[in-house]
Amino acid sequence: MHEYSVVSSLIELCEEHALKNNAFKIEKIIVGIGERSGMDKSLFVSAFETFREESQVCKDAILDIVEEKVELECNDCHHCFVPEGIDYGVCPQCGSKNLEMIKGREMHLLSLEMIGQID
Ligand SMILES: [Zn+2]
């Protein structure tokens, strides 16, 4: 399952961050999931709950998911905008249909709350 491999690398990433910051525990993980990422939120959560058990630093972490809207960039005038409907239509600035999705297709780590940090 796609969600499982994404979560597995997410946990790895969290462990790297914890190590870098001398943290022994991660309390909260905030991730952004694009609405067009094709990711199933509930599958993502259950995958996370499975994987965190195996990770010493992530074991008690709370997962917070922020849904991210799709954002488009016009290839003609480079205007960036959030489309209103699922029908992405045209650039509101120049009317071009030559659009590129620059946000909303991925999952990424937004923020981590850790304990045990040494500043
Ligand atoms: Zn445009």
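**Ground rules.** I am working with a predicted model, where local features need pLDDT of at least 70 and side-chain atom pairs count only at pLDDT 80 or more, while totals for chains, interfaces and linings use all residues. Residues are numbered from 1 along each chain as its sequence is written, and side-chain values use heavy atoms, with hydrogens and water left out.

**Helix α1.** α1 has 19 residues and reaches 27 Å from its first C-alpha to its last, close to the 27 Å expected at 1.5 Å a residue; the expected span is 1.5 Å times one less than the number of residues. Next I looked up burial, where buried means under 20% relative accessible area, exposed over 50% and partly exposed in between (1.4 Å probe, protein chains only). In α1 the buried residues are Glu 3, Val 6, Val 7, Leu 10, Ile 11, Cys 14 and Ala 18. Seen down the axis, they fall within an arc of 140°, so they line one face of α1; the arc is that of the directions from the helix axis to the C-beta atoms. Leu 19 and Lys 20 are exposed, on the face turned away from the buried side. The buried residues of α1 pack against β1, α2 and β6, with contact meaning heavy atoms within 4.5 Å.

**Open sheet.** I then traced 3 strands, which form an open sheet in the order β4-β3-β5 with antiparallel pairing; two strands pair if DSSP finds at least two bridges between them. β4 (80-81) and β5 (99-103) stand at the edges with a single partner strand each, so one side of each has no neighbour in the sheet. β3 (residues 71-74) is joined to β4 by 2 bridges, and Glu 73 stands opposite Cys 80 in β4.

**Zinc site.** Which residues coordinate the zinc ion? They are Cys 74, Cys 77, Cys 91 and Cys 94, each through SG, at 2.3 Å. I counted as donors N, O and S atoms within 2.8 Å of the metal (3.2 Å for Na, K and Ca); water is not among the atoms, so sites may look incomplete. The donor residues are spaced C-x2-C-x13-C-x2-C in sequence. The 4 donor atoms subtend angles of 106 to 111°, which makes the arrangement tetrahedral (for four donors, all angles between 85 and 135 degrees). Cys 74 is buried at 0% relative accessible area, whereas Cys 77 is partly exposed at 28%.

**Loops.** His 78 lies between β3 and β4, has a positive phi near 60° and is exposed at 51%. Asn 22, in the loop between α1 and β1, has a positive phi near 55° and is partly exposed at 46%.

Note on methods:
Helices (H or I, at least four residues) and strands (E, at least two) are DSSP runs, numbered from the N terminus. Four donors count as tetrahedral if all angles lie between 85 and 135 degrees; four count as square planar and six as octahedral if opposite donors are over 155 degrees apart and all others between 65 and 115; anything else is irregular.
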